[in-house]
Amino acid sequence: MPRFVTLTIQRQDRPETRRYWQTFCIPYVEQMNVISCLQAIAADPTTADGEATTPVAWDCNCLEEVCGACSMNINGRVRQACTALVDALLEENPNEIRLEPMSKFPIVRDLIVDRSRMFDALKRVRAWIPVDGYYHIGPGPRISPRQQEEAYPLTRCMTCGCCLEACPQINNASDFIGAAAISQVILFNDHPTGKLIAHERLDAIMEPGGITECGNAQNCVKVCPKDIPLTDSIAKAGRQTSIHAITRWLSR
Amino acid sequence: MAEQRVVVIGGGLAGLAATMRLAESGRTVDLLSLGPVKRSHSVCAQGGINAVNAVTRQLGDSEWKHFDDTVYGGDFLQHQPPVKEMCDWGPKIIDLLDRLGVMFNRTPEGHRDYRRFGGTLFPRTAFAGATTGQQLLYALDEQVRWWETENRVYKHEMAEFLGPVIDEQGICRGVVAQDTCTMVIRAFPADAVVLATGGCGLIFGKSTNSMACTGAANARAYRAGVHYANGEFVQVHPTAIPAADKLRLMSESARGEGGRVWVPRDPKDARSAREIPDGERWYFLEERYPQYGNLVPRDIATREIFSVCREGYSVDPHGYAVYLDLTHIPRADLDRKLAGILEIYEKFQGVDPRDEPMKIFPGVHYTMGGLWCGYEVDPHTGGLKIGAPANQMTNIPGLYAIGEADYQYHGANRLGANSLLSCIFAGLIVSPSINAYLGNLSRKTAADSPSSLFEHEVERHQEAEHRLRNATGHENPYTIHRELGETMTRDVTVVRHNKNIAETLSTLDELTDRYRHVRLSDAADWANQHLAFTRALGDMLELAKAIAKGALLRDECRGAHYKPEFEIPGPDATDQDTLRRQARQWCERFRARNEQWLKTTVAEYHPAGPAIRYEEVDTSLIPPRPRTYGLKGAGVIDDVWKVMEAERSTAEQRYMGSAGAPQ
């Protein structure tokens with residue numbers, strides 16, 4: 001068992017300033033994860049060379065991998081910091097743990113990035129059930145256990161951004177909306193009430209930056225911390241948009 | 001006249017429910033949150049949400065019974081009208097969530113499935129896998145996003161609440177908040193403000209709460225004059241997974257689906273859990289509480305697990321833990337009903353709980369106490385008068401509190417799966433109350449208040465920040481926080497002794513002194529988390545004092561507040577006559593205790609320390625009775641209590657009948 005853990009962290013004080021790297025060496029504790037390492041640095045922000053520095057800024061909240069806040073690149077792979085257990089990381093690389101912010105989003109500070117484009121995408125695809133209002137008018141539609149079991153995995157998307165980070169189509173030359181929002185289109189289009197505005201969602205993902213931008217690299221599904229079948233959703237969305245395009249053309 | 005605006009602080013279930021209902025009623029809402037609302041702590045709720053349903057009704061259940069279970073479970077410390085109203089709304093709220101697309105688990109016929117939770121005998125809990133809180137929060141988040149596109153809701157998702165703005169008449173006219181990225185401090189004028197700012201688990205160091213749950217927002221309201229009620233009532237969840245960074249919740253649904261809690265009968269048994277045969281396992285909850293078994297209310301399960309470990313039965317050689325065992329349940333059932341929470345255990349502990357019993361121990365979980373708020377009774381129903389301005393309003397006019405931040409619904413102990421209900425209920429009903437309040441507001445809108453009111457408050461917060469940023473002491477805020485958590489967890493949680501609580505109070509004063517000499521390691525004026533944490537720590541210390549002082553003064557046992565010195569020992573005689581006599585004495589002591597302590601603790605902030613006073617509890621609907629789950633002699637106490645109550649009501653009637661009668 002190691003006595004110390006070495007972390008090399010990419011830092012950036014402000015969006016407009018330059019990046020730099022710092023190395024920290026912290027005492028090893030059993031069942032540590034990347035969050036507890038960052039907590040230890042916050043409590044005593046001293047680099048491995050013994051220089052006092054500022055605490056590393058990072059995003060987190062639940063620490064149970066259900067809020068989606070703590071996504072970052074850890075040893076070069078995007079994942080949630082709370083479930084990144086130090087023992088497992090040291091098996092990947094016994095020398096150090098390397099932390100970098102996600103690269104596909106604007107940097108706020110250190111490991112914090114701005115993921116508002118993902119929330120904007122949920123607006124674009126109208127990811128909600130268009131109910132009449134909130135007065136009591138009885139129960140919702142009846143849903144079979146099979147439908148529930150198909151929908152449930154899609155409902156667990158926490159807008160963490162891993163799928164966008166891993167996607168080669170998310171780059172400066174493209175305005176691809178990303179797998180997370182497309183999967184939400186399928187969730188709501190398959191719901192008995194949600195499907196009443198399915199055409200609006202399909203229109204949205206047929207616009208520039210929509211589903212046709214997907215390059216089928218299938219990286220998204222590999223990095224999703226919740227094992228959401230994102231590529232199945234994209235395939236379904238492809239079929240739904242094709243049918244929608246034909247009906248739209250026929251009814252012209 | 002400018003438009004009247006509402007500010008909602010906090011985007012968890014309560015804040016989102018309030019926001020969407022306010023938007024529907026035509027209001028414009030500014031929604032402030034520390035982060036994207038989709039990441040709020042409500043996502044952590046796993047088990048489900050309670051309401052009476054078609055099946056339980058046919059088993060003899062009713063809204064009244066849900067109400068009765070809730071106040072009995074809460075040891076009668078709640079005002080009853082709001083609780084009754086909440087339980088009456090339960091089925092309607094589940095229908096609404098169902099319409100909003102929550103993927104509740106389904107029966108083969110396509111109806112919503114329900115499970116049983118602690119503190120009730122009916123399967124009243126609707127659930128969506130093991131991530132019900134996440135599913136509910138997302139459904140409301142989606143609705144609020146829709147209102148954003150309609151320009152009825154404006155989200156400010158990097159905003160930290162620093163305090164309310166209260167005018168010279170004592171009326172709330174808005175808030176001051178800081179952008180957590182640009183660090184700009186500004187005022188948000190508003191005609192009504194809703195605090196939906198959650199609980200304060202971080203005061204106890206490690207807890208099951210999210211990192212945002214410092215309680216700082218509530219403490220800031222308290223320091224600005226809002227009363228803080230029943231602070232000493234903090235729920236410790238019986239089953240959490242101990243770890244270095246936090247305690248992760250293992251939902252009560254693990255027991256609801258048949259999970260069994262045990263330790264080896266022989267405390268020295270060194271075999272692995274699976275090698276220990278059933279006969280050599282001590283299922284202590286099932287043995288001691290045959291009726292409820294593993295589903296006793298949370299405070300009881302917590303104390304039992306705690307004391308079994310203290311007696312030397314812990315299954316963890318380095319600390320305290322007992323087994324929570326699901327291995328007898330078919331894997332397919334576990335995957336279908338509990339996959340989400342089992343995954344947590346697997347991911348964080350590296351062990352599959354389908355094969356190996358989990359190791360768990362209690363952890364601070366829920367804040368029953370909170371910001372004081374009012375209500376108005378509907379005399380026709382005994383519940384709430386919906387749309388009365390007083391509902392959920394704090395003692396500051398125009399300032400409302402809802403969700404875990406308020407104190408209204410759970411009394412001395414919260415039942416599992418009632419928190420999601422109380423959060424959404426309070427969120428939904430606060431909207432008509434605010435609309436009524438705004439309609440009655442005689443004076444101009446907040447936007448017409450003198451700008452000096454807001455400028456002054458902004459300057460005050462800027463100066464406080466400046467002082468903190470330039471402090472030149474030597475104290476590390478994280479060390480102070482660790483010590484705060486240690487003293488609070490040790491002395492103000494499961495078992496409380498006055499001597500220890502008094503020591504904690506002086507420790508809190510010492511920590512406050514040291515806090516004045518704190519030194520920041522980051523002076524940045526951009527996304528300075530260190531500054532925000534250190535500022536919150538100062539607020540946590542003040543709230544901790546209210547919690548500890550409330551606990552010190554309350555000399556009784558009630559719900560989560562357990563002081564062995566003041567426990568009334570249960571009757572234990574073997575012959576029936578003595579047993580009944582003992583039970584009668586027990587009931588008399590219980591009644592005397594209730595006369596003294598069936599009161600709401602109300603803390604008012606003073607720089608020198610909290611001032612505590614007590615208010616009567618409204619028990620107009622269900623007369624308080626002994627809470628005897630698992631108590632020694634429970635049966636005879638219940639019997640004797642009924643007889644004594646009958647005698648008393650006869651006496652009361654006789655007296656009332658004779659009053660004013662001709663002599």
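1. A quick orientation first. This is a predicted model, where local features need pLDDT of at least 70, side-chain atom pairs count only at pLDDT 80 or more, and totals for chains, interfaces and linings use all residues. Residues are numbered from 1 along each chain as its sequence is written, chains are lettered from A and ligands numbered from 1 in the order in which they are written, and side-chain values use heavy atoms, with hydrogens and water left out.

2. Back to His227(B). Helices here are DSSP runs of H or I with at least four residues, and strands are runs of E with at least two, both numbered from the N terminus. With a relative accessible area of 14%, His227(B) is buried; buried means under 20% relative accessible area, exposed over 50%, and partly exposed in between (1.4 Å probe, protein chains only).

3. Now the overall build of chain B. There are 17 helices and 21 strands, and the C-alpha trace spans about 80 × 75 × 60 Å along its principal axes. Of the 663 residues, 65% count as buried. Among contacts between residues at least 6 apart in sequence, 72% join residues at least 24 apart.

4. On charge, chain B carries 76 positive and 87 negative side chains, and the centres of the two sets lie 1 Å apart. Lys and Arg count as positive and Asp and Glu as negative, while His and the chain ends are not counted. The place of a charge is NZ of Lys, CZ of Arg, CG of Asp or CD of Glu.

5. Domains deserve a look too; their bounds come from an automatic or database domain assignment. Chain B is given domain 1 (5–235 + 366–455), domain 2 (238–362), domain 3 (462–564) and domain 4 (575–658). Taken over C-alpha atoms, the centres of domain 2 and domain 4 of chain B are 34 Å apart. Chain A is given domain 1 (4–113) and domain 2 (116–250), with 13 residues of domain 1 in contact with 13 residues of domain 2.

6. Helix 3 (residues 63–73) of chain B is largely enclosed by the rest of the structure, because nine of its 11 residues are buried. Among them are His66(B), Phe67(B) and Tyr72(B). The buried residues of helix 3 pack against strand 3 (49–50), helix 2 (54–58), helix 4 (80–99) and helix 11 (419–440) of chain B.

7. Lys499(B), in helix 14 (residues 498–515) of chain B, is exposed, with a relative accessible area of 60%. Cys224(A) lies in the loop between helix 8 (219–223) and helix 9 (230–250) of chain A and counts as buried at 10% relative accessibility.

Note on methods. Contact = heavy atoms within 4.5 Å.
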